[in-house]
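Subject: Structure handover

Hello,

Here is the structure for you to look through. My notes on it follow below.

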Amino acid sequence: MADLIQLLTNGLALGSVYALAAIGFVIVYSATGVVNFAAGQFVMLGTFAGVAMLLNAGLPMPVGYAAALIAMALFGALFYLVVYLPLRTSPVVTVIIGTVAIGITLQNAALLTFGSWPFRLPSPFEGMMIEVAGAVVSVHALAVVATTAVMIFLLWLLLHRTAIGIAMRAVAQDVKAARLMGLRVQWLLAFSWILGAVLAGVAGLMLGPMWFADVNMGDPIALKAFAATVIGGFGSLPGAIAGGLFVGLAEVLGASYISSAYKDLIAFGIMILFLLVRPQGIFGEPIQDRG
Amino acid sequence: MLRIEDLTVAYGDIVALHGVSLEVAAGETVALIGANGAGKTTLLQTVSGLNKLRSGRMEFGGASLAPLSSADRVRAGIAQAPEGRRIFPGLSVEENLVVATSSWRRLGKSYADDLAQVFDLFPRLKERRRQLGWSLSGGEQQMLAIGRALMSRPKLLLLDEPSLGLAPRLAEEVYDRVGRIRETGLTILVVEQNTVLALAVANRGYVLETGRVVLAGSADELRRSERVREAYLGR
């Protein structure tokens, strides 16, 4: 029982990180139609923004986190300006290939800057443990789950209770109509990239202390976040959350009860099963056309 | 208020509008009638800034529209209820309306009055304010499209085939509301295949055929014209 509680906590924490990465991915996808193959590298960059601010620059924790997230927001804006904006009139496939190229560039830039030796990004709750129903669980894992819950709530408020959020949803649903209603579409698309990058940054900062900060960490995260969106329902935000938690739990529980060698096989096996049996995912697209 | 001179618009090699000129004076309701493919929608989209013009001039309130983006044209006072309604399907009725207030910076301040006015004009929308756009019937969607265009407090309202795909009774209901909007003094340019309905509400009209204005006149003149009767009124 104690083991199970520990595993569930760790699985939910890992799943929360996947969920945030998947949400960032979905926000960009639904606003711009671009499948961002650099999404995993965005998370890696978030982790290394933490490494740069906390370890290299030696900033105190709250300041360092804020600086890392501001850096990620600037990176999102830069990505919009350098990759999306010049290619926006080309077919969307061109932009997607652009994200692949940038992903490879980012990974190698990180390798050049930080080297191949992994870093240990500290947690504000370094080494702290707490007893829950007889099980000892890490405070960091609980904090990750709580932070993710707060982020999701804030995101929901943004998208449903603020003018900019409602406008973002409008742009995601019909760009042409949004133009005709006087919305500043390019600003809203830029904001989507910034938001996607910041969410990836939060995921990266939380993941750093759970894994090692390794320049090659982006690819496995991208694959898990992608699996999460397929399982949850491509383009759906609740789906990204459910799918992310599902993949995280499957990975941790599978590693413990089945075999750690097969933990990825379990997550991807479930994804393939979904593609075969229920390709629209758990939350099939709720929006339909009415003739 | 709106003056279009010698407007030519092309999609690649296909010329959709050949030197079209038309004018809409303040307070007028003008109908632009013509068959499918005549270029009516192209004209409205060009006024709203969605198409590039090959040549010609467009003026709104005495100033050229050329330097204005689509968003700026809405702020200048040109609102459109587009062809096919283009309701935001995943936004509620109220969100569809609120999102169209001419600037989102203005939100939270003055849109309550505008919302009340639209609900006053279309009480059915008020009943369904929490429902998602896609779940509305065709007639309700059309009313929402018109209401949404009104939310930016336009000076000129562009309506693109408001009767399209609606049962005759619903089309009449929609035009009844267009008439009420006209009574408030708003300038309207309505594009329509349903000539009877459009000419009933309009002061003046233009007939567009394969990208050219072939006839212009008062609504009465057009109704009596042999050409319109044969081609569009089926008499």
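**The cavity**

The largest cavity is lined by A:Ala21, A:Gly24, A:Phe25, A:Val28, A:Asn36, A:Ala39, A:Phe42, A:Val43, A:Gly196, A:Ala197 and A:Ala200. On a 1 Å grid over the protein atoms alone, a cavity is a set of points where a 1.4 Å probe fits but cannot get out, and lining residues have an atom within 4 Å of a point. This is a predicted model: local features need pLDDT of at least 70, side-chain atom pairs count only at pLDDT 80 or more, and totals for chains, interfaces and linings use all residues. Residues are numbered from 1 along each chain as its sequence is written, chains are lettered from A and ligands numbered from 1 in the order in which they are written, and side-chain values use heavy atoms, with hydrogens and water left out.

The volume of the largest cavity is about 80 Å³, a volume being the space filled by probe spheres set on the grid points, which are joined across faces, edges and corners. Helix 1, helix 2 (39-56) and helix 8 of chain A each give two or more residues to this lining; helices are DSSP runs (H or I, at least four residues) numbered from the N terminus. Helix 1 of chain A gives the largest share, 4 residues. By class the lining has 8 nonpolar, 3 polar and no charged residues (nonpolar: Ala, Val, Leu, Ile, Met, Phe, Trp, Tyr, Cys and Pro; charged: Asp, Glu, Lys and Arg; polar: the others, Gly among them).

**Helix 1 and helix 10**

Helix 1 of chain A packs against helix 10 of chain A at an angle of about 145°, and their axes are 6 Å apart. Axes are lines fitted to C-alpha atoms, for helices over the stretch in contact, and angles run from 0 to 180 degrees between N-to-C directions. In this contact there are 20 nonpolar, 7 polar and 1 charged residues.

**An aromatic pair**

The ring centres of A:Phe79 and A:Trp193 are 4.9 Å apart with the planes at 35°, so the pair is tilted. Rings of Phe, Tyr and Trp (its six-membered ring) pair if their centres lie within 6.5 Å; planes under 30 degrees apart count as stacked, over 60 as edge-to-face and the rest as tilted. A:Phe79 is in helix 3 (residues 61-87) of chain A and A:Trp193 in helix 8 (residues 185-207) of chain A, so the pair ties together parts 114 residues apart in sequence.

Regards

Conventions: On a 1 Å grid over the protein atoms alone, a cavity is a set of points where a 1.4 Å probe fits but cannot get out, and a pocket is an open set with protein on both sides within 12 Å along at least five of seven lines; lining residues have an atom within 4 Å of a point.
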